[in-house]
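Could you walk me through this model in the viewer, telling me what to select next and what is there? Let's take the tour one selection at a time.

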Amino acid sequence: MAERLADIVTQIQNVHQLEAVVTAMRGIAASRAQKARSLLAGVEAYSEVVSRAIGQALSLLPDEAPIARTCGRAKRALILFCAEQGFAGAFSERVLNAAASDLRGATVFVVGQRGATVAREHGISPTWSEPMAAHAEAVPGFANRLADDLYGYVAGGAVTQVDILYARSATGGATAVERHSLLPIDFERFGRPPRHEAPLISLAPDALLERLAEEYVYAQLCEAALHAFAAENEARMIAMLAARTNIDTKLAALSNRERQLRQQEITTEVVELAAGAEASKSAQR
C-alpha cells in the first residue's frame with residue numbers, strides 16, 4: 001500500500017512539472033503571436049503604399065504599352081506556409097489539404113521544418129523547404145531570402161506562375177487558409193490616378209514598374225509570413241490550453257486517488273494498532 005501511494009505521489013510531481021512546461025509554452029506562443037500582430041499593421045501599410053505607387057507608375061506608361069503576361073502553359077509553384085514547430089494541432093495539415101488539388105506537377109515550396117516533415121509523411125516531396133523565421137522581427141529578412149530563391153526558379157524557367165497559401169487568424173480563435181496569386185502580377189487590379197497627378201521620377205517608367213513589382217512581391221511574402229507566424233503560435237496556444245485542461249483533469253483524479261490511498265493507509269495502521277493493543281491486553285491476562 002505504501003509503495004502504491006509513493007507511485008501516485010511521483011505521478012503527481014511529474015504532472016506538475018508537465019504543467020509548468022505547458023504554461024511556459026503557452027506564454028511564449030502568446031508573446032510571439034502578439035508581436036507578429038503588432039508588426040502586421042506596418043507591413044500592410046507598406047504593401048498599400050507600394051500598390052499605390054504601382055498604380056502611379058502604370059499611369060506613366062503609354063496607353064499602348066504592353067504588360068508582360070505568362071505565355072504558353074503555366075509552370076505552377078505553390079508556396080505553403082506551414083508550421084515551424086510541433087504542438088500546433090493540425091496546422092500544417094490544413095494548409096496542405098487546401099493545396100492538395102494543385103500539388104501534382106507543381107514546384108512546391110514549404111516554409112517550416114515541422115511542415116516539411118508532415119508534407120513528406122503525406123507523400124509530398126518539396127522542391128524547396130526552409131525553416132520559418134525564429135521570431136517576428138526576423139520575418140523581413142526571411143521574406144527577402146525567399147524572394148531571392150523564388151526569382152532564381154523564375155529566371156531559370158522552372159516557374160511561371162506562383163500562388164501562396166497561408167493560415168491567418170479568424171474570429172473565435174479559429175484559423176482560415178488563404179490563397180493568393182503572387183506571380184505573374186495582375187496589374188489590372190491596381191488603380192491608376194488621373195494623368196495630372198503624375199509624380200516626378202528618376203527612372204524610366206518601365207524600370208520603375210519593375211522595381212515596384214519586386215517590392216510588391218516582397219511585401220506580399222512578408223505579410224503572408226507574419227500571418228502564418230501569428231496563426232501558428234495562436235494554434236499552439238489553443239493546443240496548450242487543451243493540454244492544460246487535460247492536466248487539470250489528470251491532477252484531480254490523481255489527487256483524489258492519493259487521498260483514498262492515504263485514508264486506506266491510515267485505516268490499516270489504526271486497525272493494526274488496535275489489533276496489537278488487544279493482543280497485548282490478552283497476553284497480560
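A salt bridge here is a side-chain nitrogen of Lys or Arg within 4 Å of a carboxyl oxygen of Asp or Glu. This is a predicted model, in which local features need pLDDT of at least 70 and side-chain atom pairs count only at pLDDT 80 or more, while totals for chains, interfaces and linings use all residues. Residues are numbered from 1 along each chain as its sequence is written, and side-chain values use heavy atoms, with hydrogens and water left out.

**Stop one: a salt-bridge network**

Select Arg-76, Asp-102, Asp-163 and Arg-179, and you have a network linked by salt bridges. Now centre on Asp-163, which is buried at a relative accessible area of 6% (buried means under 20%, exposed over 50%, partly exposed in between, with a 1.4 Å probe and protein chains only). Its salt bridge with Arg-76 has closest N and O atoms 3.1 Å apart. Strands (E, at least two residues) and helices (H or I, at least four) are DSSP runs numbered from the N terminus. Asp-163 also forms a salt bridge with Arg-179, where the closest N and O atoms are 2.9 Å apart. Here the partner sits in strand β5, 16 residues from Asp-163. Both arginines are partly exposed: Arg-76 has a relative accessible area of 25%, and Arg-179 has 31%.

The whole structure holds ten salt bridges. For another one, select Glu-19 and Arg-244, whose closest N and O atoms are 3.0 Å apart. Glu-19 belongs to helix α1 and Arg-244 to helix α5, so this pair ties together parts 225 residues apart in sequence. Glu-19 is buried at 14%, whereas Arg-244 is partly exposed at 29%.

**Stop three: the nonpolar cores**

Which residues have the most contacts inside the largest nonpolar core? Select Ile-54, Ile-79, Phe-81, Met-132, Leu-146, Leu-182 and Leu-221, from a core of 46 residues. A nonpolar core is a set of buried Ala, Val, Leu, Ile, Met, Phe, Trp, Tyr and Cys residues joined through side-chain atoms within 4.5 Å. Colour by element next: α1, β1 (76-81), β2 (107-111), α4 (139-155), β4, β5 and α5 each give two or more residues to this core. The largest share, 14 residues, comes from α5.

Zoom in on Leu-221. Leaving aside neighbours within four places in sequence, Leu-221 is in contact (heavy atoms within 4.5 Å) with Ile-79, Phe-81, Ala-143, Leu-146, Ala-147, Ile-164 and Leu-182. A second, separate core has 15 residues, including Leu-80, Val-95, Val-118 and Ala-119.

**Stop four: the second largest pocket**

Select His-180, Ser-181, Arg-189, Tyr-216 and Gln-220, which lie nearest the centre of the second largest pocket, out of 19 lining residues. A pocket is an open set of points on a 1 Å grid over the protein atoms alone, where a 1.4 Å probe fits, with protein on both sides within 12 Å along at least five of seven lines; lining residues have an atom within 4 Å of a point. At least two lining residues each come from α1 (2-60), β4 (161-169), β5 (175-183) and α5 (205-284). The largest share, five residues, is from α1.
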